[in-house]
Amino acid sequence: MSQNPIFHDYTFGDKERKGFDREGHYVLPGLLAAEAQERLTESLARIQSLIPGCKEGHEPNRFSAEYDTYLESVIAHPQMLELARKVLGDDIRYDHCVSLNRPGGNGGIGWHSHGYSDDDPRYGFVRIFFYVNGFEADDGGLKAVPGSHLYRDGRIHGRTDDVLREGWLAGKTHPETGEPLEIQALSVPPGTVILMWTHAAHAVTPRKQDSDTRWTVVYAYRNPGKPSGARWITPEFEQKLIPGVEGLMSLY
Ligand SMILES: O=C(O)CCC(=O)C(=O)O
Ligand SMILES: [Fe+2]
């Protein structure tokens, strides 16, 4: 089955890859093709409409690809797999697809990181965020701490920037550059894709009351070899015959 392109052309070679490994995240501004932006917006709006009164344990936001065939088709889209493999190498597994829509007035989320193979850096885990309509720093904006992922601490917490600075960040430096770790607030245009190593400290600012919904979905992939706490795939979905996903769905 041939699929329409979802990405414009981009470069993610050695230099970009080194930057990603040093910072912990990498921004690809406006990468999503116009048609993909449209279809993702439709799909994410549908997912949002299914949430009220949804089935507990199989929520449409947490198992998004299981509720929408377009979101499902992105998991093994050749351009998506190419990008995931540029980051992780050839041997990869799909881990989850979660919608992160933030309507006006959404409170954002405090500082945190996610764990995977905390004790062994050979096994990577990447989050690929699709910020379909972008965001401003003070309006549902992603923040990150460059270099924080190198600590491979999956239990970073901090309710506010100050709490993080006085807590987990205090005295920490970038293991490679020696510079003190610092909070970075991002602003990105529509269609932006952000890669993030899962151990990176990150947070999201509240969405303004009178703003439209920020449409976002994250696809996560990892190198197999370790148990994954965020692997949200039902047994039925794992068995489903989706074009291109052969070998991607299992835990190991
Ligand atoms: O909503 C966002 O932009 C990020 C949410 C988040 O922390 C995550 O998906 O890991
Ligand atoms: Fe997160």
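Pro-175 is found in the loop between helix H5 (161-166) and strand S7 (184-185). Helices (H or I, at least four residues) and strands (E, at least two) are DSSP runs, numbered from the N terminus. This is a predicted model: local features need pLDDT of at least 70, side-chain atom pairs count only at pLDDT 80 or more, and totals for chains, interfaces and linings use all residues. Residues are numbered from 1 along each chain as its sequence is written, while chains are lettered from A and ligands numbered from 1 in the order in which they are written.

Is Pro-175 buried or exposed? Pro-175 counts as exposed because it has 11 C-beta neighbours inside 10 Å. The cut-offs: 20 or more other C-beta atoms within 10 Å of a residue's own make it buried, 12 or fewer exposed, and anything in between partly exposed, with C-beta atoms placed from the backbone. Leaving aside neighbours within four places in sequence, Pro-175 is in contact (C-beta atoms, placed from the backbone, within 7 Å) with Gly-147 and Leu-150. The C-alpha atoms of Pro-175 and Leu-150 are separated by 7.1 Å. These two residues lie 25 residues apart along the chain.

Now the sheet. Five strands form an open sheet in the order S1-S8-S4-S10-S2, and the pairing is antiparallel. The edge strands are S1 (25-28) and S2 (93-99), each pairing on one side only. Two strands pair if DSSP finds at least two bridges between them. Neighbouring strands of this sheet are turned by 15° against each other on average, direction ignored. Helix H4 (residues 78-88) packs on the sheet and touches S4, S8 and S10. The direction of H4 makes about 140° with that of S4. Axes are lines fitted to C-alpha atoms, for helices over the stretch in contact, and angles run from 0 to 180 degrees between N-to-C directions.

Strand S4 (residues 125-131) has seven of its seven residues buried. One side carries Phe-125, Arg-127, Phe-129 and Tyr-131; the other carries Val-126, Ile-128 and Phe-130. Its partners are these:

| Strand pair | Sense | Bridges |
|---|---|---|
| S4 and S10 | antiparallel | seven bridges |
| S4 and S8 (residues 192-197) | antiparallel | six bridges |

Val-126 stands opposite Tyr-221 in S10. Toward S8, Phe-129 stands opposite Ile-194, and Arg-127 stands opposite Met-196.

Arg-127 is also one of the residues around ligand 1.

Note on methods
Near = placed C-beta within 6 Å. Contact = placed C-beta atoms within 7 Å.
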